[in-house]
Every structure is written in structure tokens, then in C-alpha cells.
Amino acid sequence: MVSSELVTGSQTHTAIETVIRLESSRLIAGLARYAGGDIGIAEELAQDAVVAALEQWPREGVPANPGAWLMTVAKRRAVDLFRRNRELERKYAQIGRALDAEVDDGTAALDRVVADDIDDDLLRLIFISCHPVLPVQARVALTLRLLGGLTTAEIARAYVVPEATIAQRIVRAKRTLSAAHIPFETPGGTQRPARLSSVLEVIYLIYNEGYSATAGADWMRPDLCHEALRLGRVLAELAPDEPEVHGLVALMEIQSSRIGARTGPSGEPVLLLDQDRARWDQLLINRGLAALARAEALGGTRGPYVLQASIAACHARAFRPEETDWARITSLYSALAEVSPSPIVELNRAVAVSMAFGLAAGLALVDQLATEPSLRNYHLLPSVRGDLLLKLGRAAEAQAEFQRASELTSNTRERELSAQRARTAGAQTEESSDNPGR
Amino acid sequence: MRFLGYTLADPTTPIPEPTPEMFAKMGEFVAEATKAGVVLATGGIAPFEEATKVRYADGEFTVIDGPYTEAKELVGGWALMEVRDKAEAIEWTKRFLAVAGGGESTIRQVYGP
């Protein structure tokens, strides 16, 4: 046994902070139910309990059931507030009445922290954090704060924005939810698909910001990817009957399997078909394929995440790029275009078509998208067009497209990649114009 | 960050005799850790006495079969965890050991392919 002398004060402190972080989302979720769905109050009560833990645990040790300990302290705090000022806000009064009897009998409240109830509360917390009444950026910030247990500083760093901006977003979001009297519930019936879709959108936005950072010096921020993947895995256990949840998890697992392979030695992006597939993480691929199988077993129409995961699975199953089933990918993109039509899906479909049915067929589809207003400033349009033109031997046109792509992205790494491709295409232009003269 | 946590049930670090209650509690614990998105993969390890050691030195292979001691059969277990940092891996390992009732686990960071 390691003697307690070997455990330093800072180790204790780290251990306590870790326990609190792991318990944070469940604590807030449980308290939010008592607070009539007011997550602002829930967070304040949770914070009070955390302060108490940071005072007591270093002296008395971490309790055997830290989650229940924090919950009880937070509930007592709610009762105190209520008793001290009965004129306090209506919501405190509401919690106070609900808890008064419960906490009077000492630690009985501990036993009432039933795991299943907390699971339901956690799912409600996810739904309310991703409520469509909030702007998308606010949903993202609130979800990372409440469900991920990230500090505002950590969120700000991940999104390369000032901490005050994130803090503002979170404060406003809580105010909006409170003012709109959004119920703390798991939506059912006709509401459910739209509400679930908002949850999935938020998680995938977090994932994508990590997978392909829109700004900053790094092409990827794997921490955000891991956080989104963790949220997805948690959600899959809380809502196991939703095929799209498993679809999203499958998509993120498979995309994550390539994280190690999609950057070169100096951090530069490596495109899918150029990646060393031996570096793909087979564990994550298998987890992704298993999640996809779980989604398919539930049946129903294939939604956008199941379809995107199926496309990712086609790549994952190919040991070499030339083994890729492009015809299947093309038909999956067609199905995706039907359930969630978007010019970006069309652009991807064009790439698949060029691989399955020839460069000219792909280029024709890309050219149709040239006038699409929403793609006017989308760097991947000229990037894809440049790629097809270069393969067709039209290097000068390709160079112009890559040049344009590099001007359209604000991500440093991506800009460098496009600029590099423009130079390569430029070199080929010179070669072809040199040759006839010789 | 990934960590491999394992209890090898090496006879030199004895673990309590598993009981049906412990197995039930352990099942609940693994479900909880999976729900939290922490466990990527997990499994058991056959008794130490059945282990085989393969050595390679000076160009020669040596294969050494157990049993190595007279200790009674003890099985071990392992879990591949995905966590934010080492402190989280330590906390989950503490929770595991509390359910197991005692013993010693090793955690080591593992790197992707």
C-alpha cells in the first residue's frame, strides 16, 4: 500500500477537482429538475456544493459516493436559501418546498439519488442545453459548459475567442431559457425529431470544429473531437432507441479513426486518399461499424447521420484507396441529398461521381454548382474543381482554382495546403508550355 | 488520452477472492463507465499460472510456460479507457478497485497506431 505521505497536497487537489468534474453534469442535471428546470439556479447550487467539497474533502477525504454527497449539500443549500428569505424568487421557493421535508430527515436524501433518475435528468439537460430557442453558438457553449464540464476559459481557448464572449453567451443563454419558461423535459411526440436533431447538430458542430478548425493555426483540435465523441457515446446510452444517435456516434468514431493519419510530420493536412491507412485506428473503426450496425438494426428510414456514417464506413472498409466502393458512395450521397439537400452534399457527390464514373462527369456536376450563392465563399468548391482540372491535364485552370481556395479559407494549415497545390499546378503549367519548344 | 488499466493478478499482489456480489457490482460499474463514454474496450486476463513468457536475446528465442509459483488461480482484467487526462484515469481506477474490494492496478498511457 502506498502510504498517505506519498500523496502530496497537489495530488489531493487534482484528484478532488477530477471527481468534481466527473460529477458535474449529473449534479447540475439532478438539481435542474428540483429548480423547475432553471439551469442557472442549478449551476449556482452546484457551485456552492463544489465550494463546500473543496473545503471539506482535503481534510476529511473524498466520500465514498461523491455524487450523492454533492447533491445533498446542494439541496441543503437550496433549503437554507429558502428558509432565510421566504420572499426570495419564486423558483427558490418552489425548490424549497419540495426539499424541506426531504432534507429534514437527515441523510435520507442520499438514498433518493437513484441512478436511473439521474440518467433521465442528464438527457433532459442535454435537450435543454441544445434548445432551438437559443442561437447555435450559445447551444454549443452551454453544452460544453454543462455537459462537458469545461470552464469558460477552456471553451474560449478551443474556439479562439475571448473568454468574456463565451461567458456572455452562457449568461444570455440561461436568461433566454428562463424567460421562455422552457420546460425541463425529454421531448416526445411530434416535437422529438426536431429537438433531437438540434442535439445531434450541436454535438456534430463541436466535433467538426475540432476535426477541421475554421480558424487558427492548428488544422485540428483533437480535444474538441474527443469531447464531442464522449458526449455522443453518453447520449447513445441515454437514448439507445434512436438510430440517428448511433449514426452520429458511428460517424464520429470512424472519422476519429483517421485523426492520426490526416496530418503529416509538421502538422500539414493529408487528404483522405493520400493517407497511410495502416495508421487508421482499427479499434475506432470497429466501434464505428458496431454503432452503425446498431443504428441499422433499429430500422426505419436512414437519416442524414446514418447515411454519412455509411459513407465513412465505405472508406474505412477499403484497405487501399483503389478498393473504395465509389458507386456505393455515390448512391449514398444521392440518398443523403434527398433527406438533407445541400450544395455541400452535391459537391461531395460530384467527387464520388468523378471517382466512380469519370472525371468529366464529376466536373460537369461541380460546374453546375459554380453559380450556387451559398458556395460562393466556400473554399472546398475551387479546391475540388482544381483537383479535377489538374487530373484532366488543365493545369493552368487548376492553379487559378487552388489559388482561389487558399484565399477563401481562414485556417492557416488549409491555406498553406491550397497554396502548395497551386504551386504544384503552376509548375506543371510551365512544364507543358516548355515541352513543345524543345 | 488513452490509458490501459490492468490488474494482472500477479500472485505477489494478491486480490480478494471474487464473490457473486462483487461480480454483480462489477457489472454495474462497467455499465456506468461505459455510459460515461470512458471504456473503449475491456476484458479479462487468464490466470498468471497459464501465462507464457517469450524472450528474445542474443538472437535466440526462449519460450517459458507456467506455472511459475504454487499460488492459487487468480484472474486479472484490463480496460482501455479514453479520458481527458491522467487524473481521470486514476479516478476511474480508484472506483474500479473500490468495487473489486482491494488489490493493485497499473495504468499506462497508450498511443494510437
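Q: Why is A:Gly267 called partly exposed?
A: A residue is buried with 20 or more other C-beta atoms within 10 Å of its own, exposed with 12 or fewer, and partly exposed in between, with C-beta atoms placed from the backbone. A:Gly267 has 13 C-beta neighbours inside 10 Å, so it counts as partly exposed. This is a predicted model, where local features need pLDDT of at least 70, side-chain atom pairs count only at pLDDT 80 or more, and totals for chains, interfaces and linings use all residues. Residues are numbered from 1 along each chain as its sequence is written, while chains are lettered from A and ligands numbered from 1 in the order in which they are written.

Q: What makes H12(A) roughly parallel to H14(A)?
A: The axes of H12 (residues 243–256) and H14 (residues 304–317) of chain A cross at roughly 30° and come within 8 Å. Angles under 35 degrees count as roughly parallel, over 145 as roughly antiparallel, 65 to 115 as roughly perpendicular and the rest as oblique, so H12(A) is roughly parallel to H14(A).

Q: How do the residues where H12(A) meets H14(A) divide?
A: They divide into 11 nonpolar, three polar and one charged. Ala, Val, Leu, Ile, Met, Phe, Trp, Tyr, Cys and Pro count as nonpolar, Asp, Glu, Lys and Arg as charged, and the others, Gly among them, as polar. Among the residues that meet are A:Leu248 in H12(A) and A:Ala312 in H14(A).

Q: What makes up the contact of chain B with chain A?
A: Residues are in contact if their C-beta atoms, placed from the backbone, lie within 7 Å. Here 13 residues come from chain B and 14 residues from chain A. On the chain B side, H2(B) gives the most, with four residues.

Definitions and conventions. Contact = placed C-beta atoms within 7 Å. Helix = DSSP H or I, 4+ residues; strand = E, 2+ residues; numbered from the N terminus. Axes fitted to C-alpha atoms, helices over the stretch in contact; angles between N-to-C directions.
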